[in-house]
Amino acid sequence: MSIVIITGGSRGLGASTAIQCAARGMGVILTYNSNPDAANAIVAEIEEECGKAVALHLDVADSASFSAFRDQVRDALQTHWHRHDFDALVNNAGYGFYSPIATVTEEEFDGLFRVHLKGPFFLTQTLLPLIADGGHIVNVASATSRVATAGVAPYASFKGGLEVLTRYMAKEFGDRRIRANSIAPGAIKTELGGGLNDEFEALLASQTALGRVGEPDDIGRMIASLLSDDNRWVNAQNIEVAGGYII
Ligand SMILES: NC(=O)c1ccc[n+]([C@@H]2O[C@H](COP(=O)([O-])OP(=O)(O)OC[C@H]3O[C@@H](n4cnc5c(N)ncnc54)[C@H](OP(=O)(O)O)[C@@H]3O)[C@@H](O)[C@H]2O)c1
């Protein structure tokens, strides 16, 4: 059984990814930050369908905690799967924040940097010894790094950095046959940044070739399929998953 770790797997895109990976027979370690009940509910949903999942706490902003997290992952792998390594890491955890460049504070900027770029960088570095040769890393970026959207400059800049980092991961981990890709969702109906209001949703839908905004499963299914062997030659790519947003 292959095993995937999904950060921010308690809600939204990460929760859908966890469920879709489990449905394809993968073992799942999902992380939460502030909401253990939501994480446990996803574990229960997976177990109801006879899948296997474990929830662990992780604050992606707190890189000092990563080595303790690695120890917890090692224990969970041994206890639940009798393994000492895992196959895929999905760096998904994140939050939205709207503020124009004219007013964003250093503290707000640094908070977004820690979660969206520094966190994935050092979490991947910390977990690398536990990723099996031939494994896969998926970084969740954003279509906002292609289409400038007023009010999300730091967020989009770090997501753009994550796309670049992905190519470097592919380059440096290739000798272990570890693939690295990023995916760039368009607007998806989740609680990110307080969710989409009706007016903004209608605008985004009108700018999308398929005529609607995305649902979490549009992304969860895509990530689960990207992790499969069918996509084994897809490497070092940023793949937009947005229904044809502003094309
Ligand atoms: N929704 C969109 O339109 C969209 C578009 C493009 C990209 N994305 C990206 O997709 C990813 C998931 O977003 P989403 O829409 O699914 O958001 P969401 O529904 O708000 O879920 C966010 C998830 O991330 C976790 N999280 C937040 N801050 C964290 C931290 N400091 N450390 C660890 N975990 C943390 C949350 O855990 P707790 O609830 O336990 O705190 C939750 O599981 C993000 O990276 C986001 O930037 C989303």
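**Entry 1: the model**
I am working with a predicted model, and I count residues from 1 along the chain.

**Entry 2: where the ligand sits**
I started with the ligand and found it in the largest pocket. Which residues come nearest to it? There are 29 residues around the ligand, and Ser10, Ser34, Asn92, Tyr155 and Thr190 come nearest. Helices α1 (12-23), α4 and α5 (153-173) each supply at least two of its residues.

**Entry 3: backbone atoms facing the ligand**
Next I checked some ligand oxygen atoms against the protein backbone. A polar backbone atom of Asn92 is 2.7 Å from an oxygen atom of the ligand. For Ile188, I noted 2.8 Å between a polar backbone atom and a ligand oxygen. Gly94 has a backbone N or O atom that lies 3.5 Å from an oxygen atom of the ligand. How much of the ligand does the protein bury? Taken alone, the ligand exposes 900 Å², and the protein buries 94% of that.

**Entry 4: Phe122**
I went back to α4, which covers residues 106-127, because Phe122 is found in that helix. Is Phe122 buried, exposed or partly exposed? Its relative accessible area is 31%, so Phe122 is partly exposed; the band for that label lies between 20% and 50%. Leaving out residues up to four places away in sequence, I found that Phe122 touches Ser63 and Phe66. I also compared Phe122 with Val60: they are 62 residues apart in sequence, and their C-alpha atoms are 9.3 Å apart in space.

**Entry 5: Asp85**
Asp85 is in the loop between α3 (66-81) and β4 (86-91). Not counting residues up to four places away in sequence, Asp85 touches Ile3, Leu77, Leu130 and Ala132.

**Entry 6: two positive phi values**
Last, I looked up two backbone angles. Cys50 has a phi near 70 degrees, a positive value in a residue other than glycine. I found Cys50 in the loop between α2 (36-48) and β3 (53-57), and it counts as exposed at 73% relative accessibility. Arg177, also not a glycine, has a positive phi near 60 degrees. Its place is the loop between α5 and β6 (179-185). With a relative accessible area of 58%, Arg177 is exposed.

Technical notes: Predicted model: local features only at pLDDT ≥ 70, side-chain atom pairs only at ≥ 80, totals over all residues. Heavy atoms only, no water. Helix = DSSP H or I, 4+ residues; strand = E, 2+ residues; numbered from the N terminus. Buried < 20%, exposed > 50% of the residue type's maximum accessible area, 1.4 Å probe, protein only. Contact = heavy atoms within 4.5 Å. Near = heavy atom within 4 Å. Polar contact = N/O pair within 3.5 Å; in protein donor to acceptor, adjacent residues only side chain to side chain. Areas by Shrake-Rupley, 256 points an atom, 1.4 Å probe, with all protein chains shown as cover. 1 Å grid on protein atoms, 1.4 Å probe; cavity = no way out; pocket = protein on both sides within 12 Å on 5 of 7 lines; lining within 4 Å. Sits in = over half its atoms within 2 Å of the grid points.
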